[in-house]
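Student: I am new to this structure. Please take me through it in questions and answers.

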Amino acid sequence: MSKSDYYAVLGVRKTDNQATIKAAYYRLAQQYHPDKNEGNADFAERFKEINEAYQVLSDVQKRKEYDSMSYGRAGGRREDDLPYDTLS
């Protein structure tokens, strides 16, 4: 699993429902599909990233696991991200 922010990859919020995530995936998959962008390695890589994000966020269990990981927080902050002086 890569360390990308899957919510950012699909352009959705952490609070968005499955239908919103699916719609975002289909829109991006059509835009970056290798058949529509032959010879463009950047688009092919982006398409793979979009698919990886959707595979995780579309599965309820995988999404819960991802959300519990530090890089799945969609821009949120953890206590250990804060400066030391704010923890006292």
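Student: What span does α3 reach from its first C-alpha to its last?

Tutor: Helices are DSSP runs of H or I with at least four residues, strands are runs of E with at least two, and both are numbered from the N terminus. The expected span of a helix is 1.5 Å times one less than its number of residues. With 17 residues, α3 is expected to span 24 Å, and its reach from first C-alpha to last is close to that, at 24 Å.

Student: What kind of model is this, and how are residues numbered?

Tutor: It is a predicted model, where local features need pLDDT of at least 70, side-chain atom pairs count only at pLDDT 80 or more, and totals for chains, interfaces and linings use all residues. Side-chain values use heavy atoms, with hydrogens and water left out, and residues are numbered along each chain as its sequence is written, from 1.

Student: How many helices and strands does the protein have?

Tutor: From the N terminus on, the elements run α-α-α-α. The count is four helices and zero strands.

Student: Which residues of α3 are buried, and what do they pack against?

Tutor: Buried means under 20% relative accessible area, exposed means over 50%, and partly exposed lies in between (1.4 Å probe, protein chains only). The buried residues of α3 are F47, I50, N51, A53, Y54, V56 and L57. Taking contact as heavy atoms within 4.5 Å, the buried residues of α3 pack against α1, α2 and α4.

Student: Which residue has a side-chain oxygen that reaches a backbone nitrogen at the start of α3?

Tutor: A polar contact is a pair of N or O atoms within 3.5 Å; within protein, one must be able to donate a hydrogen and the other to accept it, and residues adjacent in sequence count only if both atoms are side-chain atoms. At the start of α3, the backbone nitrogen of D42 lies within 3.1 Å of a side-chain oxygen of N40.

Student: Where do the buried residues of α2 lie around its axis?

Tutor: In α2, the buried residues are I21, A24, Y25, L28, A29 and Y32. They cover an arc of only 130° around the axis (taken from the directions from the helix axis to the C-beta atoms), so they lie on the same side of α2. A19 and Q30 are exposed on the other side. The cover over the buried residues includes α1 (6–10), α3 and α4 (60–68).

Student: How many salt bridges are there, and which residues form them?

Tutor: A salt bridge is a side-chain nitrogen of Lys or Arg within 4 Å of a carboxyl oxygen of Asp or Glu. By this rule there are two. One joins R46 and E49 at 3.5 Å, N to O, and these residues sit three apart in helix α3 (residues 41–57), about one turn of the helix. The other joins D16 and R13, at 3.0 Å, N to O.

Student: Is D16 buried or exposed?

Tutor: D16 lies in the loop between α1 and α2. Not counting residues up to four places away in sequence, D16 touches I21 and R63. D16 itself has 12% relative accessibility, so D16 counts as buried.

Student: What percentage of the residues in the protein are buried?

Tutor: The protein has 88 residues, and the buried share is 27%.
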